[in-house]
Amino acid sequence: MCGIVGYVGRKNAALVVLNALKRLEYRGYDSAGISVILDGSIVTSKKAGKISVLESAMDIDSLESAGTGIGHTRWATHGEPTDVNAHPHTDCTGDLVVIHNGIIENYGDLRKVLLEKGHKFISDTDTESVVHLIEHYHRDLDLIDAVVKALNRIEGTYGLVVLSKKEPDRIIAARKGSPLVLGVGTDEMIVASDASAIVEHTRDVVYLEDGEIVDVKADKYRIYDLNKNGIQKNVESINWDIESIGRHGYDHFMLKEIFEQPETIANAFRGRILPDDGNVRLDGLGFTDEDMEKIERIIFVACGTSWHAGLVAEYLIEEYAGIPVEVEYASEFRYRKPVLKKTDLVFTISQSGETADTLAALREARAKGVRVMGITNVVGSTIARESDGGVYIHAGPEIGVASTKAFTSQITVALLISMMFARKRSMSFPEANAILKGLLALPDAVKTVLSECEKVKAIAEVYCSKHNFLYLGRGINYPVALEGALKLKEISYIHAEGYPAAEMKHGPIALIDEEMPVVFIATRDEIYSKVVSNMEEVRARRGRIIAVATEGDRDIVKYADHVIYIPDVHRALVPILASVPLQLLSYYIAVLRGCDVDQPRNLAKSVTVE
């Protein structure tokens with residue numbers, strides 16, 4: 001969601017903040033702005049559109065002596081993406097500026113009161129009420145006390161940074177519901193919503209928790225709670241470097257991340273497979289044999305692509321471990337009254353570990369006394385810190401907004417979890433060994449699929465002008481169909497829907513004609529013949545068929561206009577492997593349509609507001 005940066009130090013603050021915002025572009029945004037303190041005045045530039053538009057409007061060299069600044073990339077919630085609505089926002093005096101990620105739920109009431117007290121509002125945003133509220137209290141209080149008092153009147157979520165021209169060597173940042181990280185450097189400090197904006201300057205970081213405020217100067221910082229009680233926190237270290245978030249010669253981050261999957265899948269299972277025992281070890285879960293025996297139901301809670309990974313986990317765990325599984329949308333889970341028991345186990349899945357709805361679901365489950373585990377990619381993320389235990393997927397930074405490598409790594413971890421439970425229940429060594437040996441060989445199978453990318457591109461050239469797609473799969477491949485459709489929607493803006501193939505007759509078949517491409521996941525398994533029957537139904541109505549099929553299946557060409565072959569692997573591994581050509585298909589179609597693949601319109605990488 002919104003990107004936030006604040007800097008205090010000896011460098012050109014405008015340049016530091018601008019470059020940091022570029023590191024945060026992948027989060028998704030529609031306007032950007034920067035404020036710095038120069039010669040006792042606040043200089044602000046903000047523009048709707050890309051950071052390049054903002055950069056063109058700024059004279060960075062003229063701001064060289066500014067050592068303190070803040071910057072923001074905005075994903076619009078309240079008010080259209082315009083220059084006026086872009087952050088930072090200023091108070092009536094011009095002494096204060098604020099940047100903010102989140103939603104102020106009582107901004108209407110605050111705005112009404114502040115208007116009555118004579119404050120002037122110029123934007124349509126909820127954020128502007130924050131800066132005027134701080135201004136109101138700052139008349140009589142020190143800046144930190146004014147911020148504390150204002151925050152105690154605010155309802156909603158925020159990650160915010162405050163800058164005052166009266167104190168040019170100081171910034172104040174606070175968090176509730178939106179991530180903030182403090183980078184601790186040598187005679188410089190940097191606050192950001194994401195470590196990717198920090199790692200260029202320092203690897204030493206402090207993760208802020210909800211309800212914490214940090215008072216920052218170049219050589220020191222102090223952390224408080226909302227009652228202004230001091231808090232001591234450990235400095236942690238970032239274990240990846242800036243090189244890992246470069247494109248490395250690929251045209252887009254998304255393409256790079258698709259091609260990284262042989263490595264990232266291996267990273268997800270590396271050190272976790274015990275081949276001699278036909279078992280796995282997931283020490284982060286902290287389960288004893290007694291713990292596992294008590295579990296009667298598992299619930300996966302997630303959003304978007306992560307929800308699709310949860311669906312795959314449902315098939316795997318129910319089939320191999322015999323444990324009932326439910327998969328919940330986090331956004332729905334948090335607003336109803338879920339029936340949870342002590343014998344339940346909840347897994348939250350989130351690439352960023354900061355997804356607002358998923359985090360709220362985690363807290364709801366824990367409040368009911370249920371054990372909650374996190375499956376996430378980002379070390380030090382809120383979900384990682386607040387879970388009772390969990391598993392990192394080790395996919396490395398994922399910059400493309402449309403998740404690819406994180407999805408296949410999430411399924412890999414889900415498979416490991418299913419194997420762990422299955423071996424404690426009834427799965428035999430030979431059956432477990434067959435799956436785990438297949439998993440160890442899977443990275444090479446993914447390389448084989450990626451080597452056929454030009455064939456996928458040729459198919460994309462045929463269908464890139466179409467307006468609608470259907471994606472169909474059965475059994476464990478149904479979630480793959482959902483994910484394939486989502487990828488196409490996200491980055492090409494083509495309407496696409498995923499269905500269980502058998503459900504086509506219950507409505508979607510009305511859409512089939514010669515203009516409707518239908519993508520089938522048609523790999524050889526026990527329900528292959530059923531999928532072929534569904535393909536026949538589409539052919540009878542002149543639909544165009546693209547099939548993802550098992551290598552060596554020559555019969556499939558009778559039913560499909562185009563076939564993308566994948567290696568023959570154990571059926572438990574097919575969802576990982578079959579996802580890769582669908583990612584490539586979406587990518588190439590989007591590129592051919594001239595879409596912004598890495599930063600699709602209206603989308604954000606990490607959804608930290610409702």
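## Basis of the model

The model is predicted, with local features needing pLDDT of at least 70, side-chain atom pairs counting only at pLDDT 80 or more, and totals for chains, interfaces and linings using all residues. Residues are numbered from 1 along each chain as its sequence is written, and side-chain values use heavy atoms, without hydrogens and water.

## Cavities

A cavity is a set of points on a 1 Å grid over the protein atoms alone where a 1.4 Å probe fits but cannot get out; its lining residues have an atom within 4 Å of a point. There are 5 cavities of 30 Å³ or more, the volume being the space filled by probe spheres set on the points.

The largest cavity holds about 80 Å³. Its lining includes Cys-2, His-72, Trp-75, His-100 and Asp-126, and divides into 2 nonpolar, 8 polar and 2 charged residues. The second largest cavity has about 40 Å³. Helix H16 (478-492) and helix H18 (574-592) each give two or more residues to its lining, with H16 providing the largest share, 4 residues. Helices are DSSP runs of H or I with at least four residues, and strands are runs of E with at least two.

## Helix H5

Helix H5 (residues 143-151) is largely enclosed by the rest of the structure, because 7 of its 9 residues are buried, that is, under 20% relative accessible area with a 1.4 Å probe and protein chains only. Among them are Leu-143, Ile-144 and Val-147. At the start of H5, a side-chain oxygen of Asp-142 lies within 3.1 Å of the backbone nitrogen of Ile-144.

Terms used:
1 Å grid on protein atoms, 1.4 Å probe; cavity = no way out; pocket = protein on both sides within 12 Å on 5 of 7 lines; lining within 4 Å. Nonpolar A, V, L, I, M, F, W, Y, C, P; charged D, E, K, R; others polar. Buried < 20%, exposed > 50% of the residue type's maximum accessible area, 1.4 Å probe, protein only. Polar contact = N/O pair within 3.5 Å; in protein donor to acceptor, adjacent residues only side chain to side chain.
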